[in-house]
Amino acid sequence: SSCMKPFSRSAKKVLIRLEAEPVRADVKGTQHLRGRGGEGGASRGTCCWESSGPSRGHGEAAELRPRPPALQNLPGKGLRQGAVRRLSDSNFSHCPLFQLLGESSSPLVKNMDTYYQPRALEKHADSILALASVFWSISYYSSPFAFFYLYRKGYLSLSKVVPFSHYAGTLLLLLAGVACLRGIGRWTNPQYRQFITILEATHRNQSAENKRQLASYNFDFRSWPVDFHWEEPSSRKESRGGPSRRGVALLRPEPLHRGKADTLLDRVKKLPCQITSLLVAHTLGRRMLYPGSVYLLQKALMPVLLQGQARLVEEYNGRRAKLLACDGNEIDTMFVDRRGTAEPQGQKLVICCEGNAGFYEVGCVSTPLEAGYSVLGWNHPGFAGSTGVPFPQNEANAMDVVIQYAIYRLGFQPQDIILYAWSIGGFTATWAAMSYPDISAVILDASFDDLVPLALKVMPDSWRGLVTRTVRQHLNLNNAEQLCRYQGPVLLIRRTKDEIITTTVPEDIMSNRGNDLLLKLLQHRRWEVEEDWCLSVLRSYQTEHGPDFPWSVGEDMSAEGRRQLALFLAKMHLHNFEATHCTPLPTQNFQMPWHL
């Protein structure tokens, strides 16, 4: 290892977009990415590295040692090549996973000893296993078509299947041999053995010192020790009941036909439809609704996700943690603490809920970060380091343990927590607002009221019954219904060129489902233009009847008075943003909701 000053940050910015591709690899194994240049912070779909002046929080010198990067394939023990360093004496433990592009006022570290260097045996074996993993994923997703083709060609007969099974068995034995060779290569590497020693020590004793040493490494999150458990006594001592292992409570859709209970014959008649809905939800439906859970997409985005994670840790001193939800899923989180800074907003925590292909590494967390708030980001079940699949029940379970972690481990009061959601993240945000009514505020950006109209938009008309039944039974994202159970301040941000949550064309703002979300909220609160007059009416009603919704204000007003009041309330609850669905929200548009 060598002792040197940390590199300074230049004023040059490099914008690495999601579509960036690795174009070359240098001798250190550092991947350089090429993308379109531009300015602005990293956000949804982008990862922006900004260098300006000396680095913060490093101290004057830092000892650079080999730092193993991500583990892969072998459960919890594997390391893969990458440009990751270990800093043992600094205020943060992670360094960039990839070198920054552009010039710097001091040269980047060139010493090969500062990177984890896999031996040749490990490197080549790992490449073979990674290729096999990709082929397996492609085969998994194409298996229904392959089986249909083989059946039509008559290849599924016993005489054809037996030889094929012999080939498959031989291939599996070869892959097992390659995995063993990779294990030998890793175990002969002293850097890897040092990492394994620290990892096992942390699993035995999660002391502050062990966690500090383990945080110097970036590895497969499956092997990261659990930092917070949903059953921790401190997290449930003030609650009554709480979630069971079956999950937290959700609002269930009401039956379409009220009356006598279904007979056995009725249930038998419905069984084929229910089975079809179950199959559609667990195959096509879930992957269409949450494409970020698809392995191939995550594999393609991995370089950008690693860049974003390194940025959060290095530039913002982010702290990664694993939370165990009540359903057994492990939730990957990143916390940036601003309470000790000069930022006045740092006392408030913004919990960010990402979209259906969003990750906290490159998602909407950048907006509140740039605004100076403390931020807690988390990944949906099945996204990046989080395990499980993103069905509504699992989503709510994950959100519950994230809220518990924020309150009982990070030390934020519910009154200091703000929920910020983009797109489909509105489901978990509205569930948390409904379940934790003391939450300070809710901000929903480009969100919708209900999933059914949007699902019907992209599916054939002949599938209307199947789509409606599948969504209601298995993918019921009832944002409006949950939001109406929340009594606090709400701000809705509507994208005027939104191409995702409009049911016709992006230019037709009247078909934006954000309108329906606002309408249902105002109808529930029963706030049916002179702003001073509207404010005086609302304040006098609040003084007389209290703050709890629904209100009956406006019942004795004239039609003109109701119109003015409705326009005033719509203006205060809904802000327009002239952009498409995936455009990052600028910091100046991130505002706290209006309240009396």
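Which side chains meet in a salt bridge at 2.5 Å, N to O? Select R222 and D220 and you have the pair. A salt bridge here is a side-chain nitrogen of Lys or Arg within 4 Å of a carboxyl oxygen of Asp or Glu. R222 is partly exposed at 47% relative accessibility, whereas D220 is buried at 12%. For those words, buried is under 20% relative accessible area, exposed is over 50%, and partly exposed is in between (1.4 Å probe, protein chains only).

Before moving on, some ground rules. You are looking at a predicted model, where local features need pLDDT of at least 70, side-chain atom pairs count only at pLDDT 80 or more, and totals for chains, interfaces and linings use all residues. Residues are numbered from 1 along each chain as its sequence is written, and side-chain values use heavy atoms, with hydrogens and water left out.

Side chains of opposite charge can pair when their charged atoms come close. The whole structure has 16 salt bridges, so there are others to visit under the cut-off above.

Next, select R409 and E232, whose closest N and O atoms are 3.0 Å apart in a salt bridge. This pair links distant parts of the chain, 177 residues apart: R409 is in the loop between α9 (392–408) and β13 (417–422), and E232 is in the loop between β8 (228–229) and α5 (233–236). Helices (H or I, at least four residues) and strands (E, at least two) are DSSP runs, numbered from the N terminus. R409 is partly exposed at 38%, while E232 is buried at 18%.

Now try R513 and D449, with side chains that meet in a salt bridge at 2.8 Å, N to O. R513 lies in helix α14 and D449 in the loop between β14 (441–445) and α11 (451–458), so the pair ties together parts 64 residues apart in sequence. Both R513 and D449 are buried.

**The annotated stretches**

Residues 128–152 are 100% helix and 0% strand, with the end C-alpha atoms 33 Å apart. Residues 164–184 are also 100% helix and 0% strand, and there the end C-alpha atoms are 31 Å apart.

**A nonpolar patch**

Show the surface and pick L131, F135, I138, Y295 and L296: they make a nonpolar patch of about 440 Å². The elements giving it two or more residues are α1 (120–153) and α7 (295–316). Helix α1 gives the largest share, 3 residues, and F135 is in that helix. Patch residues have over 30% relative accessible area and no salt bridge, with nonpolar side chains (Val, Leu, Ile, Met, Phe, Trp, Tyr) joined within 5 Å and like charges within 9 Å.

**Last stop: E499**

Where is E499? Look in the loop between β15 (490–495) and α14 (513–525). E499 is partly exposed, with a relative accessible area of 33%. Its side chain reaches the backbone nitrogen of H581 at 3.1 Å. Leaving aside neighbours within four places in sequence, E499 is in contact (heavy atoms within 4.5 Å) with K457, P506, T580 and H581. Finally, draw a C-alpha to C-alpha distance from E499 to N512: they are 8.9 Å apart in space and 13 residues apart in sequence.

Key. Accessible areas come from the Shrake-Rupley method with a 1.4 Å probe; for residues, only the protein chains shown count as cover. A polar contact is a pair of N or O atoms within 3.5 Å; within protein, one must be able to donate a hydrogen and the other to accept it, and residues adjacent in sequence count only if both atoms are side-chain atoms.
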